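Me: I would like to learn how to read a pocket and a helix from a model, taking one feature at a time. Could you give me the general idea before each case?

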Amino acid sequence: MREKILDMEQYAKEHNVPIIEKDSIAFIMKFIKANDVKEILELGSAIGYSAILMASVKDDIKLTTIERDETRYMECLKNVKNCGMEDKINVVYQDALEVNLSGVSYDLIFIDAAKGQYTKFFEKYKYFLKPGGVIISDNLKFHGHVGNRGNIASRNLKQLVGKIENYIDFLKNNDEFETKFYDVGDGLSVSIRKDEI
């Protein structure tokens, strides 16, 4: 398994695929173990790196991951099969904003897809949380750009960072959820319903 994870890291490097930082996935894996998480939904599979690591924490984990990019989806399927995790990980090829879920709920929803859509993802998927379930969001520092928009030359990047900053404000001011922010990896947040704290 270790070798396969290293292969994925190498592939991501060579093909410029953004995968989760090691500190961040270590934090999430620890969280999964400590909170007896069994059902996970991940938005943004990329090549399956984080899905495979999250699913590997315990034998009883079931994970659904959604990816809209066909090349990454195919690579994710291949990696899931290589790691013998077809029974644990369900890979869905679709835009996460267009997926229709029904009759399912999750202990953990992990948002790591299109950064500009985080608020929409949160609003759509919060209804699929089990009681006591959490939403974890990644890349809230966005390579150090968040909070430093004045230093960004590219207009597109500036807009994207602005959307992440808006999402952070959305989390901070959310009446329904209590969010803790962690300076881990590229910045993580953990949101839980206030009435469940």
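Reply: A pocket is an open set of grid points where a 1.4 Å probe fits, with protein on both sides within 12 Å along at least five of seven lines. The model here is predicted, and its largest pocket holds about 660 Å³ of space. Of the 32 residues that line this pocket, P18, R72, D112, A113 and K115 are the closest to its centre, while α3 and β2 each supply at least two residues of the lining.

Me: How many residues does helix α4 have, and what span should they give?

Reply: The expected span of a helix is 1.5 Å times one less than its number of residues. Helix α4 has 13 residues, 70-82, and should therefore span 18 Å, which agrees with the 18 Å between its end C-alpha atoms.

Me: Which residues of α4 are buried?

Reply: Buried means under 20% relative accessible area, and exposed means over 50%. In α4 the buried residues are Y73, E75, C76, N79 and V80. Seen down the helix axis, these buried residues fall within an arc of 165°, so they line one face of α4. They pack against α1 (2-14), α3 (49-55), β2 (62-67) and β3 (89-93), whereas the face turned away from the buried side carries the exposed residues T71 and K81.

Me: Which residue caps the N-terminal end of α4, and what follows the helix?

Reply: The cap is D69, with a side-chain oxygen 3.1 Å from the backbone nitrogen of T71. Just after α4 comes G84, which takes a positive phi of about 65°.

Conventions: Residues are numbered from 1 along each chain as its sequence is written. This is a predicted model: local features need pLDDT of at least 70, side-chain atom pairs count only at pLDDT 80 or more; totals for chains, interfaces and linings use all residues. Side-chain values use heavy atoms; hydrogens and water are left out. Helices (H or I, at least four residues) and strands (E, at least two) are DSSP runs, numbered from the N terminus. Buried means under 20% relative accessible area, exposed over 50%, partly exposed in between (1.4 Å probe, protein chains only). The arc is that of the directions from the helix axis to the C-beta atoms. Contact means heavy atoms within 4.5 Å. A polar contact is a pair of N or O atoms within 3.5 Å; within protein, one must be able to donate a hydrogen and the other to accept it, and residues adjacent in sequence count only if both atoms are side-chain atoms. On a 1 Å grid over the protein atoms alone, a cavity is a set of points where a 1.4 Å probe fits but cannot get out, and a pocket is an open set with protein on both sides within 12 Å along at least five of seven lines; lining residues have an atom within 4 Å of a point. Grid points are joined across faces, edges and corners, and a volume is the space filled by probe spheres set on the points.
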